[in-house]
Amino acid sequence: MAKKKTKFMCQSCGYESAKWMGKCPGCGEWNSMVEDVMITGKQPRKSFTHTPEGALTKATPLVAVESIEEPRVKTKIAELNRVLGGGVVPGSLILIGGDPGIGKSTLLLQVSSQLAETNNKVLYISGEESVKQTKLRSDRLNVSSKELYVYAETNLESIHQSIEQLSPDFVVIDSIQTVYHPEVTSAPGSVSQVRECTAELMRIAKTKNIAVFIVGHVTKEGSIAGPRILEHMVDTVLYFEGERHHTYRILRAVKNRFGSTNEMGIFEMKETGLEEVANPSEIFLEERSQGAAGSTVVASMEGTRPVLVEMQALVTPTSFNNPRRMATGVDQNRVSLLMAVLEKRVGLLLQQQDAYLKVAGGIRLDEPAIDLAVAISIASSFRDQPSNAFDCIIGEVGLTGEVRRVSRIEQRVQEAAKLGFKRVIIPSNNIGGWKFPEEIQVVGVSNVNEALKQVLGE
């Protein structure tokens, strides 16, 4: 006979305990233990396999497995296809997370309509809105298709029956935190419910070859709400980001079993929905003020795409014993490291200077190739000497002041030339083995001092 048992589970790592604890012994997180009611005893479980139900499986030598390329279904949104690695793979489970109101449901409703227009049967399951509310949103977005079905339900068994009856090609679950499994006694959105519902949806996706999109809520720290195992179970994890006061949205892939990670797609939110931005570099540079000290342009790689963004620095004398170091869009520790290099290798006295850095446009950069642009922005603001508005700066800076080579230099330089830049500063080790664009001058530097002389003069 099944019995109820109460335990406490960490929402971050899944650590289980018989009693509540303020700090999780597994991952060290505070206030992450949540009460969970489990039913003990033998219960029938459906097996999870990638083969159709009822089919027998056995171990197969790897060399005997036929190598076939995964077919992909392309949407009409090229930015989404790029992030997914070329399109939607049938049988995949895709998790999309983002802040409330960022546009997750809008994006998926638009994608559902586009897939339905290509003779694909799409089932849109809403656990947060009624069918009439979904219809109102579809009218605003001009979404209408005969192959798009809407179903307002949160019971997973009812959802499973609807999928069995309809046999769709694509399923959208909005959202996983509202769906519950009747055999699990805990409340919807709890660790057990999210884990069991995701496992069941994964089984449906793999056995029936249905691509399933799952909307996930995020915590105040910006991570997907629920157990960390949720991100490990799915095939693809997408984050929908953006500033609340800006109309631009960024779709990132942080996990993708069928394509490259760290790909990025840019969208603009309008009254009629989300529209893709074909050339994001022009957007990030359109409001740049020329002749301002502390402003430089860097060519950064977001997955396979080069993006030109403006790096801004403001260095002012401090009125406190400890100077402030603040950064938006870049790692603050990297800023402190580069300021130490400028002090030791270049001789800039930055000990009593406050430093504020910002990446314009709300984008976040975390690759080493932005080091040289950050260093030159700080030096430009400290000397109050502007750099050339048509210079683009690329390079990684080491602790000894050397400028190290970066990857994909040819794509970065071509993007700078396409946007009208006249000169690009790159590491000297990156010169050679490729053809420079004729309309841009390529200058190689080996250390920070050489770069400062080229950009700011003596």
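Here are some questions and answers about how parts of this predicted model get their labels.

Q: What makes β6 and β12 edge strands?
A: Let's start with the sheet: it is open, has 9 strands, and its order is β6-β5-β7-β8-β4-β9-β10-β11-β12. Strands β6 (148–152) and β12 (273–276) each pair on one side only, and that is what makes them the edge strands. From one strand to the next, the twist averages 25°.

Q: How do you know that β5 and β6 count as paired?
A: Two strands pair if there are at least two bridges between them. Strand β5 (residues 122–126) is joined to β6 by 5 bridges, so the pair qualifies, and the two run parallel. In one of these links, I125 has Y151 in β6 as its bridge partner.

Q: What makes us say that helix α2 packs on the sheet?
A: Helix α2 (residues 104–117) touches strands of the sheet, among them β4 (93–98), β5, β7 (170–174) and β8 (211–216). Its direction makes about 160° with that of β5. Angles over 145 degrees count as roughly antiparallel, so that is the word for α2 against β5.

Q: Which residues meet where α2 packs against α3?
A: On the α2 side they are S105, T106 and L109, and on the α3 side T134, R137, S138 and R140. By class, that contact has 1 nonpolar, 4 polar and 2 charged residues.

Q: What is the handedness of the crossing of α8 and α9?
A: The crossing is right-handed. The axes of α8 (residues 332–346) and α9 (residues 371–383) come within 10 Å and cross at roughly 65°. Residues in the contact include L338, M339 and L342 of α8 and V374, A375 and I378 of α9. By class, this contact has 9 nonpolar, no polar and 3 charged residues.

Q: How do you know that E117 and K76 form a salt bridge?
A: The cut-off is a side-chain nitrogen of Lys or Arg within 4 Å of a carboxyl oxygen of Asp or Glu. For E117 and K76, the closest N and O atoms are 2.9 Å apart, so the pair passes. The structure holds 17 salt bridges.

Q: Why does the pair E117 and K76 tie together separate parts of the chain?
A: E117 lies in helix α2, while K76 sits in the loop between β3 (33–40) and α1 (78–84), so the pair links parts that are 41 residues apart in sequence.

Methods
Residues are numbered from 1 along each chain as its sequence is written. This is a predicted model: local features need pLDDT of at least 70, side-chain atom pairs count only at pLDDT 80 or more; totals for chains, interfaces and linings use all residues. Side-chain values use heavy atoms; hydrogens and water are left out. Helices (H or I, at least four residues) and strands (E, at least two) are DSSP runs, numbered from the N terminus. Axes are lines fitted to C-alpha atoms, for helices over the stretch in contact, and angles run from 0 to 180 degrees between N-to-C directions. Contact means heavy atoms within 4.5 Å. Ala, Val, Leu, Ile, Met, Phe, Trp, Tyr, Cys and Pro count as nonpolar, Asp, Glu, Lys and Arg as charged, and the others, Gly among them, as polar. A crossing is left-handed if the near helix is turned anticlockwise from the far one by less than a right angle, and right-handed if clockwise.
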